[in-house]
Amino acid sequence: MSKHNLKNRNHFTAPVEAGGPSSGPLTAEELQLAARNHAMPLEALREDITPAGLHYLLTHFDIPYIAPETWSLRIGGAVDREIELNLEDLKARPNVTMPVTLECAGNGRSLLKPRPLSQPWVLEAVGTASWTGTPLAPILAEAGLAGDAVELVFTGADRGIQGGTEEPYARSLTVAEAMHPEVLLVYEMNGAPLPPQHGFPLRLLVPGWYGMASVKWLASIEAVTSRFEGYQQAVAYHYMQGPEGPGLPVTRIRVRSLMVPPGIPDFFTRKRVMDAGPVMLRGRAWSGHGEIERVEVGIDGEWMPAHLDPPAGDFAWTGWSMVWLAAPGEHELRCRAMDSSGALQQTTQVWNYQGMGNNMAQLVHVTVR
Ligand SMILES: Nc1nc2c(c(=O)[nH]1)N[C@H]1C(S)=C(S)[C@@H](COP(=O)(O)O)O[C@H]1N2
Ligand SMILES: [Mo]
């Protein structure tokens, strides 16, 4: 049993003390979170690599101020040798640069009915940056994990209170997950030092997983001999049907596709307006459960296959496109993807209490004139 009491095993008592999902209007607390944690404007789906300023952002507490000269990463706990590495030490190690698509597990939350109260994402909590860093596995090998180590706990320099529990932001991975070769300690985003909001000077990057696993402002890595029970691990990020936990842990990214909204938007409603004629519909699709096998575009309920580009990387999104002969009138456009595990995006909602992993197919209303 975790140290959190049952009353606090509820993700949503934290920001609003509302005690659960709501069908009412957006709250001031949701607006406050939405203003801090911005999404990626969907027109940025045009680019393989998302410019850092357009990448989505999710910070639970405050962005910590870290002076790089005094910062270091401590690796300890159930290891043979404790290791301390500063930024220069990390940069001197072998480096890897790769595009990785990150998505917040709460993406799509505000579209659920009723709406779980938390960061009220619509659909755009995603981005693909080119990340540079050093693989984690060799560092863990140098530290020498004890035979009874079961997990690694990654702790950030930020702290706050959630669900009545005061803690630093911390998440764990099993030893097997942490040893995957693609798991990196990254210090650059798109060829520049990590911006403060994305984890300067160092973050963990767990490709294929929803964003919560990629701990920003990394301060320490601790090998532990029993499962980590921190709030962000044991209480938050679970698929639950009601307030009683624990439910199933949220791990890898569920398959999703999004389209660049065609035409031009109406300022206030964001509804799309465009001229009749052929138009190239474009977008991106991704999954943490395997390659994208198929993307289909639905025009007024009729599904047609899209052309797929080669994926931008093993853990990055795949571009898609389809020509649509737009006829005058009102139209409903959708897109849905299927990955190599056979998972397909649904067109009806699959609700859960924390509003996690809602990958329901996007719907775009278009007026063709
Ligand atoms: N230390 C720390 N790491 C964190 C978070 C946080 O609040 N603190 N938020 C997590 C969540 S929920 C997500 S979705 C990603 C967002 O990464 P980004 O802001 O660089 O896009 O960071 C993760 N890492
Ligand atoms: Mo997230």
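This is a predicted model: local features need pLDDT of at least 70, side-chain atom pairs count only at pLDDT 80 or more; totals for chains, interfaces and linings use all residues.
Residues are numbered from 1 along each chain as its sequence is written, chains are lettered from A and ligands numbered from 1 in the order in which they are written, and side-chain values use heavy atoms, with hydrogens and water left out.

I begin with the ligand. Ligand 1 is surrounded by 18 residues, and the closest are Y56, D158, H198, R203 and K216; a residue counts as near a molecule if one of its heavy atoms lies within 4 Å of it. By class, this shell holds nine nonpolar, six polar and three charged residues. The classes put Ala, Val, Leu, Ile, Met, Phe, Trp, Tyr, Cys and Pro under nonpolar, Asp, Glu, Lys and Arg under charged, and the others, Gly among them, under polar.

Now the polar contacts, meaning pairs of N or O atoms within 3.5 Å. A polar side-chain atom of D158 is 2.7 Å from a nitrogen atom of ligand 1. The side chain of R203 places an N or O atom 2.7 Å from an oxygen atom of ligand 1. Y56 takes part through its backbone, with a polar atom 2.8 Å from an oxygen atom of the ligand. How much of the 530 Å² of accessible area that ligand 1 has on its own does the protein cover? The protein covers 100% of it, by the Shrake-Rupley method with a 1.4 Å probe.

On a 1 Å grid over the protein atoms alone, a cavity is a set of points where a 1.4 Å probe fits but cannot get out; a pocket is an open set with protein on both sides within 12 Å along at least five of seven lines; and lining residues have an atom within 4 Å of a point. Volumes are the space filled by probe spheres set on the points, which are joined across faces, edges and corners.

The whole structure has two cavities of 30 Å³ or more. Where does ligand 1 sit? Ligand 1 is in the largest cavity, in that more than half of its atoms lie within 2 Å of the grid points. The volume of the largest cavity is about 240 Å³. Its lining has 20 residues, with L58, R203, G211, S214 and K216 nearest the centre.

The second largest cavity is about 40 Å³. Its lining consists of F61, G160, Q162, T165, E167, P168, Y231 and Q232. Strand 6 gives the largest share, three residues; strands here are DSSP E runs of at least two residues, numbered from the N terminus.

The largest pocket has a volume of about 800 Å³. Of its 23 lining residues, V122, L123, E124, R270 and L363 are closest to the centre. Strand 22, residues 362-368, contributes the most, with four.

Last, the backbone. Most residues other than glycine have a negative phi, and most peptide bonds are trans. The bond from K113 to P114 is cis, with omega near -5°, and P114 is in the loop between strand 3 and strand 4. F200 and P201 are also joined by a cis bond, omega about 5°. N190 has a positive phi, near 50°, in the loop between strand 7 and strand 8.

Methods: A polar contact is a pair of N or O atoms within 3.5 Å; within protein, one must be able to donate a hydrogen and the other to accept it, and residues adjacent in sequence count only if both atoms are side-chain atoms.
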